[in-house]
Amino acid sequence: MTTENVDVLIIGAGPSGSMAASMVNKNGFKVKVVEKTQFPRFVIGESLLTRCMDHFEEAGVLDAIKEKGFQVKNGATFLKGENRCDFNFSEQYTKGSEWTWQVPRDEFDKVIADKVESMGVDIEYQTTVTDIQFNGSNSTTTVLDKNGKEKKIEAKFIIDSSGYGRVIPKLLNLSTPSSMPARSTLFAQFKDVNRPHNSDRNRIVVVAHDPQIWIWIIPFSNGNTSVGFVGNPEFLNKYEGNLEEKYRALIADEPLISERFKNVELKFDPVHIEGYSVAVKKLYGKGFVLTGNSTEFLDPIFSSGVTFATESGIIAGKLVSKKLKGETIDWDNEYVKPITQGIETFRTYIKAWYDGTLHQIFFSDQIDKTIKNKICSVLAGYVWDKSNPFVTRHQQSVKNLANFLSKKQTSK
């Protein structure tokens, strides 16, 4: 059995692993990425937030992404019956990018990984981690390559960016149930021949279909559009037939989208995912740190997944590099605290969406524009801007605003 020696081993070549790899590589350390699949590969999470643009620029991959001509996203629209709420990133409170992209993730992830690989990072695809043994901060990882050949990789540190694969959480029994209720997603992509020629093509559209069910509509520059239903697991039970029959019945039951997607060609069979919210007992340990979906995934509403992946990847890559340079790292304050803050901020907004609090805020005609702009910054991914009270006091700010609007509506 052969043995390879590196400074840092990264598990997973998605956005989080690629960001981390770029940071470690920039600091002059030998980094190797092992990826279980072969890119391009399909994955969900197609609508980005503008905070990601800062990460892409810092990692040196922004220009490579721009060259691909992905669909520009400059905001988000929420629909409920005849009510409409628009958030424009150009009006957000936090200073930052005013646009980002909506992307087919198979192509998008490959662009980033290829760019990082061109920087000198070794990425080995179709390689599965089967075992990890730690000796202090050092580790020996056993992997199986695409030819079924086993080898060992010795590293001074491991960054686990394996996403739903959750390699280290599974090996070290770190997984724990999420505080979020179990929900299901049913989604596919259409050849969007009836796409409207208005501003909605430049943003994600979220439809409040039912008190506990919502729909995403994400247009791509290739003419396809991703459409997904998210809600309580029981929402599929009232429809008969196979997944496509259930999916098309759901489409037919929503007046806001039924004509647009009626009898339109599907690009692949609908996919059903259930119970996707997960959490872990800790984000780091001696010799490793978890990033992206290896840490915690909340819910697809507000499209926070890739933002947490890139944010955590950037921070982890920097901290690991500092540690290898001999600097003392306070993992709790420098990593756990900011990542947890972002997660808890989004958790507040996700819960407020499902309990109807955000519906009351979004679809009110009484909301002050400056307050709406602060909420827009949260929806753009700037959940680390401590000058924004809708970040630092997220629970109380959302609750107080909803109560204020309710009283104002009652007094009209």
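Me: Where is Thr345 found, and is Thr345 buried or exposed?

Reply: In this predicted model, Thr345 is found in helix α9, and because its relative accessibility is 0%, Thr345 counts as buried. Once neighbours within four places in sequence are left aside, the residues in contact with Thr345 are Val378, Val383, Phe390, Val391 and His394. A distance puts this into context: Thr345 and Trp384 are 39 residues apart in sequence, while their C-alpha atoms are 9.0 Å apart in space.

Me: Which residues does Trp331 contact, beyond its neighbours within four places in sequence?

Reply: Trp331 also has its place in helix α9, and the residues it contacts, with those neighbours set aside, are Phe157, Tyr284, Val289, Leu319, Val320 and Val336. Trp331 counts as buried because its relative accessibility is 10%. Along the chain Trp331 and Glu344 are 13 residues apart, and from C-alpha to C-alpha they are 18 Å apart in space.

Me: What does Pro338 touch, if residues up to four places away in sequence are not counted?

Reply: Pro338, whose place is in helix α9, touches Asn333 and Trp384 on that count. With a relative accessibility of 17%, Pro338 falls under the 20% limit and therefore counts as buried. The C-alpha atoms of Pro338 and Glu311 are separated by 9.6 Å, although these residues are 27 apart along the chain.

Me: How many aromatic pairs does a search of the whole structure find?

Reply: The search finds 25 aromatic pairs, and each can be read from the distance between ring centres and the angle between ring planes, with planes over 60 degrees apart counted as edge-to-face. Phe308 and Phe346 form such an edge-to-face pair, at 5.7 Å centre to centre and with 75° between the planes. Since Phe308 lies in helix α8 and Phe346 in helix α9 (residues 331–354), this pair ties together parts that are 38 residues apart in sequence. Both Phe308 and Phe346 are buried.

Me: How should I read the pair formed by Trp331 and Tyr335?

Reply: Trp331 and Tyr335 are again edge-to-face, with ring centres 6.1 Å apart and 75° between the planes. Here the sequence separation has a plain reading, because residues four apart in helix α9, as Trp331 and Tyr335 are, are separated by about one helical turn. Trp331 is buried, and Tyr335 is buried as well.

Me: Which residues do ring pairs link into a cluster?

Reply: The cluster consists of Phe42, Phe187, Trp214, Trp216 and Phe268, linked through ring pairs. Rings can also be read for charges that sit over them: Arg183 lies over the face of Tyr354, at 3.3 Å from the ring centre, and the charged end of Lys372 sits over the ring of Phe87, 5.3 Å from the centre of that ring.

Me: How is the packing of two helices described?

Reply: Two packed helices are described by the angle between their axes and by the distance between those axes. In this structure, helix α2 (residues 51–59) and helix α8 (residues 305–324) have axes that come within 9 Å and cross at roughly 35°, and the crossing is left-handed. On the α2 side the contact is made by Arg51, Cys52, His55, Phe56, Glu58 and Ala59, and on the α8 side by Val306, Thr307, Thr310, Glu311, Ile314 and Lys318.

Me: Finally, what should I note in the backbone, for instance about the peptide bond from Phe39 to Pro40?

Reply: One feature to look for is the omega angle, and the peptide bond from Phe39 to Pro40 is cis, with omega near 0°; Pro40 has its place in the loop between β2 (31–34) and α2. Gln126 lies in the loop between β7 (122–124) and β8 (128–135), and at 33% relative accessibility Gln126 counts as partly exposed. Arg166, not a glycine either, has a positive phi of about 45° and is found in the loop between β10 (150–160) and α5 (167–171). Arg166 counts as buried, because its relative accessibility is 5%.

Note on methods. Residues numbered from 1 in each chain as written. Predicted model: local features only at pLDDT ≥ 70, side-chain atom pairs only at ≥ 80, totals over all residues. Heavy atoms only, no water. Axes fitted to C-alpha atoms, helices over the stretch in contact; angles between N-to-C directions. Helix = DSSP H or I, 4+ residues; strand = E, 2+ residues; numbered from the N terminus. Left-handed = near helix turned anticlockwise from the far one by under 90°. Contact = heavy atoms within 4.5 Å. Phe/Tyr/Trp six-rings, centres within 6.5 Å; stacked < 30°, edge-to-face > 60°. Buried < 20%, exposed > 50% of the residue type's maximum accessible area, 1.4 Å probe, protein only. Lys NZ or Arg CZ within 6 Å of the ring centre and 35° of its normal.
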